[in-house]
Amino acid sequence: MGSSGTCWISKPVFVVFVILSLGSCASSSSSLHPLVFQSQLEHLNHTAISDFRVLNRRFFGDCPNPSPYLQISVNSSSGGLGDDEFVTVNVTGVLNPSKSDWMAMISPSTSDVSSCPLNAMYYVQTGDFSKLPLLCHYPVKATYMSTDPDYLSCKKKECKKYQNGTSQCAVSTCSGLLTFHVINIRTDIEFILFSGGFELPCILKRANPLKFANPNKPLYGHLSSIDSTATAMKLTWVSGDDKPQQVQYGNGKSQTSVVTTFSQDDMQSSVAIPSPAKDFGWHDPGFIHSAVMTGLKPSSTFSYRYGSNSVGWSDRIQFRTPPAGGSDELKFVAFGDMGKAPRDSSVEHYIQPGSLSVIEAVTDEIKSGNVNSVFHIGDISYATGFLVEWDFFLHQINPVASQVSYMTAIGNHERDYIDSGSVYILADSGGEVWVPYETYFPMPTPEKDKPWYSIEQGSVHITVISTEHEWTKNSEQYQWMKKDMASVDRSKTPWLIFMGHRPMYTSCPGFLSVDLRFVDEVEPLLLSNKVDLALFGHVHNYERTCSIYKSQCKKLPIKNEAGIDSYDHRNYGAPVHAIIGMAGFSLDEFPSDINNSWSISRHAEYGYLRGHATRTDIKLEFVNAKTRIVEDSFHITKAQVR
């Protein structure tokens with residue numbers, strides 16, 4: 001989901017704009033660009049829905065009368081940028097520092113960075129209402145010069161011209177220092193200084209383009225399970241090189257990668273609303289490599305590296321295979337709606353502020369050896385048509401996903417787009433329509449754009465569905481769900497967990513927070529197949545229910561001897577539901593005037609669900625990522641409660 005605040009969940013299908021007059025930059029409607037004038041007439045009586053405006057401007061391109069002393073220097077190695085570094089950008093020779101001055105990181109350097117005020121709709125259609133740069137190509141990062149506290153006050157002065165024959169300064173200039181976190185995105189980058197703010201940008205100065213030392217470097221390797229045996233694992237990574245590479249693992253084993261990619265032609269657009277993925281937000285993804293490591297043993301530790309002699313190798317990384325289906329226990333972490341956030345002071349499209357604290361906490365869980373698998377149930381990167389952000393997301397999760405199986409479900413921000421066949425006719429994917437998601441995260445699904453699957457690990461059978469694809473009784477996915485859950489051998493895997501993105505219950509009302517059609521169609525399957533636990537995201541908080549069916553509590557948990565809520569499934573009543581969409585996106589606070597009888601525990605905090613399943617008991621904990629405190633704990637048991 002892509003909204004935040006107090007349970008306000010909305011997504012406009014069509015983008016609304018308002019024309020504003022801004023002082024000396026305004027002119028009569030007859031001087032407006034035809035597209036802007038048409039938008040003004042069409043939306044004359046509408047109210048603005050965001051900070052974005054369609055603006056009329058008098059200047060394009062370079063700012064008038066820039067300082068002749070302006071210089072931009074970047075502290076980069078002569079050999080090129082590294083794969084992961086913080087670079088310092090120093091701006092000197094500024095005559096009149098302004099709060100409207102800002103620096104953009106552009107890639108590739110050939111991008112069109114003139115002003116395109118109508119590009120506000122590219123952000124808004126994906127649900128991002130932030131104030132961001134209105135350039136003709138999406139800047140990877142941007143930050144105001146005032147981020148340097150000495151910039152506006154001009155504490156760092158330099159004399160550029162002295163009065164004739166004296167030591168008295170006639171012309172002094174100011175400077176500012178910014179730091180950018182840069183990762184290897186393969187294409188060269190350029191830092192450009194603008195004035196006029198994000199809405200009225202004009203160029204003051206351009207730095208020289210910078211190249212990466214090795215744009216073909218194999219990077220961002222992440223693991224996934226291909227079946228329930230845990231004797232094989234798929235590794236997927238990104239490189240600028242289209243030639244097959246290798247993964248070397250174990251004691252001298254190796255596998256050659258299958259190479260794929262996607263292009264702008266694979267992205268979807270609409271006549272009514274052009275998509276960012278087709279144009280404004282496009283970035284070359286390079287080449288995605290996948291290789292399956294076979295001959296592994298379940299619940300065992302191995303090491304691997306990937307790459308080739310020609311483009312270089314990754315570091316050697318240790319990973320652990322999950323337990324085989326039917327074995328005694330599984331330790332897992334689950335969450336939804338993570339996304340990514342910058343590690344510097346930059347603004348980017350769709351920042352998910354809690355994502356860094358959650359991934360750092362989960363990384364510590366991995367280091368402790370307490371996690372066999374991770375399940376990320378929808379709204380993965382929130383790139384939504386701004387393709388370079390997939391690289392930043394893959395970089396962010398790498399400490400986790402490179403060491404354990406990282407399994408995913410598709411969400412609205414990976415799939416939905418107008419006229420694309422998604423259940424919901426919204427622009428939430430920004431035109432990506434599943435292609436980048438399924439390329440970066442190849443799950444064991446039936447085929448492309450059918451992103452449902454099941455897997456068994458330890459004592460648990462996990463059924464993963466797509467809430468964005470048709471789920472009515474006559475649909476292919478419904479029939480698959482019905483068959484999959486009916487086929488579970490409870491003597492082998494006594495627990496059945498159901499995962500999907502959009503929830504069936506939430507105490508946060510709003511537009512499409514819960515689709516009652518989905519509940520009516522699919523909830524009976526959960527009951528008839530005795531699903532123990534249903535996990536969902538989409539709503540950005542944590543909430544746990546009673547054993548619920550048709551909005552009624554069929555059974556309530558009882559306190560065990562440790563004072564922890566325990567659901568006795570020896571005498572099954574109905575599934576327990578948990579909303580776990582609190583892994584990154586701005587939180588949805590619970591309204592004070594709603595108190596559903598079926599809602600047992602509610603927390604609007606960033607965190608993740610930690611699970612430990614044996615053959616007789618599942619222990620589940622909601623962990624606050626910032627404090628590492630367990631905010632909610634419950635058991636589902638098939639043994640006698642004590």
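Okay, let me start with a helix: the buried residues of H7 pack against strand E23 (453–457), strand E24 (460–464), strand E25 (495–499) and helix H8 (516–528). Some terms before I go on. Buried means under 20% relative accessible area, exposed means over 50%, and partly exposed is in between, using a 1.4 Å probe and protein chains only. Contact, and I count packing under that, means heavy atoms within 4.5 Å. Helices (H or I, at least four residues) and strands (E, at least two) are DSSP runs, numbered from the N terminus.

And the provenance: this is a predicted model, where local features need pLDDT of at least 70, side-chain atom pairs count only at pLDDT 80 or more, and totals for chains, interfaces and linings use all residues. Residues are numbered from 1 along each chain as its sequence is written, and side-chain values use heavy atoms, with hydrogens and water left out.

Back to the helix. H7 covers residues 476–486, and its buried residues are Gln-477, Tyr-478, Met-481, Asp-484 and Met-485. Look down the axis and those buried residues fall within an arc of 135 degrees, so they line one face of H7. The arc is taken over the directions from the helix axis to the C-beta atoms.

Now the partner helix. H7 and H8 pack at an angle of about 10 degrees, with axes 10 Å apart. That makes H7 roughly parallel to H8. Under 35 degrees counts as roughly parallel, over 145 as roughly antiparallel, 65 to 115 as roughly perpendicular, and the rest as oblique.

Which residues of H7 and H8 meet? From H7 we have Tyr-478, Met-481, Lys-482 and Met-485, and from H8 Glu-521, Val-522 and Leu-525. By class, that contact has five nonpolar, no polar and two charged residues. Here Ala, Val, Leu, Ile, Met, Phe, Trp, Tyr, Cys and Pro count as nonpolar, Asp, Glu, Lys and Arg as charged, and the others, Gly among them, as polar.

On to the cores. In soluble globular proteins, nonpolar side chains tend to be buried together. A nonpolar core here is a set of buried Ala, Val, Leu, Ile, Met, Phe, Trp, Tyr and Cys residues joined through side-chain atoms within 4.5 Å. The largest one has 109 residues, and Met-103, Phe-191, Phe-335, Tyr-406, Phe-441 and Leu-535 touch the most other members. Helix H4 (residues 388–401) gives the most to this core, with eight residues. Apart from it lies another core of 24 residues, including Met-504, Phe-518, Val-531 and Ala-534.

Take Leu-535 as an example: beyond its neighbours within four places in sequence, its contacts include Ala-334, Ile-377, Phe-498 and Leu-609. Then there's Phe-393, which sits in helix H4 and counts as buried at 0% relative accessibility. Leaving aside neighbours within four places in sequence, Phe-393 is in contact with, among others, Met-338, His-376, Tyr-406 and Phe-441.

Next, two aspartates. Is Asp-379 buried or exposed? At 0% relative accessibility, Asp-379 counts as buried, and it lies in the loop between strand E21 (373–377) and H4. Asp-379 and Gly-581 are 202 residues apart in sequence, yet 9.0 Å apart in space, C-alpha to C-alpha. Asp-315, by contrast, is exposed, with a relative accessible area of 63%. Asp-315 lies in the loop between strand E18 (312–313) and strand E19 (317–320), and its contacts, leaving aside neighbours within four places in sequence, are Tyr-304 and Arg-305.

Last, the backbone. Most residues other than glycine have a negative phi, and most peptide bonds are trans. Here a cis peptide bond joins Ser-107 and Pro-108, with omega about -5 degrees. Pro-108 is in the loop between strand E5 (102–106) and helix H2 (120–124). Ser-299 has a positive phi, near 50 degrees, and at 33% relative accessibility counts as partly exposed. His-538 has a positive phi too, about 75 degrees, but His-538 is buried, with a relative accessible area of 2%.

Technical notes
Axes fitted to C-alpha atoms, helices over the stretch in contact; angles between N-to-C directions.
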